[in-house]
Amino acid sequence: MRKRVLLIEDNPENFFLMQYLLEKGGFQVMGADNGWLGIEMALFNIPDIILLDIQLPGMDGYTVMRRLRSTPELAKIPIVAVTSYAMAGNRELALQNGANGYIEKPIDPDAFTGQIEAFLNSSNTEVPK
Ligand code: MN
C-alpha cells in the first residue's frame, strides 16, 4: 500500500520537484496550493503525512498546522514543515505550532524521500503541543 503524502505548497517549481521525487519514491501524492484547500483535502482523504510550506497565500503554514492539530481527525498526522525561511527560529516556531519535523529548502533531491521515510518510520509519533 503506497503511503499518501499531502503536499501543501504554492510555488509550482517546488511543488513539481517534490511531487516528482515522491512519486518516483513510490508515494501517492495529493496536492494543494493553499492551506484551506489542504485542510479540506486532508479531511476528504486522510494522508499518512503532510508536507507543509510555511509561506503560503492567505493562511500561513503555522496557522495551517494549528488548525490541523485542533481538528480531531487530523490531529495526529505527522507534519513536516518545508520552508525556505533561513531566519533563525523558524524551526522552533514550526515545532511549537505543531510540526513534527522540518526540512529546509532548497531540498536535496538525493535525500528528500529518505527524509520523508524517516519521518514516517520514526517511532516518535508524539504530537507537539
Ligand atoms: Mn510558499
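Is Met-30 buried or exposed? In this predicted model, Met-30 is buried, with a relative accessible area of 8%. The cut-off for a buried residue is under 20%. Met-30 belongs to strand β2, which spans residues 28-32. Beyond residues up to four places away in sequence, Met-30 touches Arg-4, Val-5, Leu-6, Leu-7, Met-41, Asn-45 and Pro-47. Ile-8 is 22 residues from Met-30 along the chain. Their C-alpha atoms are separated by 8.5 Å.

Thr-83 is buried, at a relative accessible area of 1%. With neighbours within four places in sequence left aside, its contacts are Asp-53, Ile-54, Tyr-102, Ile-103, Glu-104 and Lys-105. One of these residues, Asp-53, is also a donor to the manganese ion.

The manganese ion has three protein donors: Asp-10 (OD), Asp-53 (OD) and Gln-55 (O). Asp-10 sits in the loop between β1 and α1 (12-24), whereas Asp-53 sits in strand β3. The pair therefore ties together parts that are 43 residues apart in sequence. Asp-10 counts as partly exposed, at 32% relative accessibility. Asp-53 counts as buried, at 3%.

Helix α3 covers residues 61-69. At its start, a side-chain oxygen of Asp-60 comes to within 3.1 Å of the backbone nitrogen of Tyr-62. The buried residues of α3 are Gly-61, Tyr-62, Val-64, Met-65, Leu-68 and Arg-69. They cover an arc of only 160° around the axis, so they fall on the same side of α3. An α-helix has 3.6 residues a turn, so residues three or four places apart point the same way. The cover over the buried residues of α3 includes strands β1 (4-8), β3 (49-53) and β4. Helices α2 (35-44) and α4 (90-96) are also among the covering elements.

Definitions and conventions: Residues are numbered from 1 along each chain as its sequence is written. This is a predicted model: local features need pLDDT of at least 70, side-chain atom pairs count only at pLDDT 80 or more; totals for chains, interfaces and linings use all residues. Side-chain values use heavy atoms; hydrogens and water are left out. Buried means under 20% relative accessible area, exposed over 50%, partly exposed in between (1.4 Å probe, protein chains only). Contact means heavy atoms within 4.5 Å. Helices (H or I, at least four residues) and strands (E, at least two) are DSSP runs, numbered from the N terminus. The arc is that of the directions from the helix axis to the C-beta atoms. A polar contact is a pair of N or O atoms within 3.5 Å; within protein, one must be able to donate a hydrogen and the other to accept it, and residues adjacent in sequence count only if both atoms are side-chain atoms. Donors are N, O and S atoms within 2.8 Å of the metal (3.2 Å for Na, K and Ca); water is not among the atoms, so sites may look incomplete.
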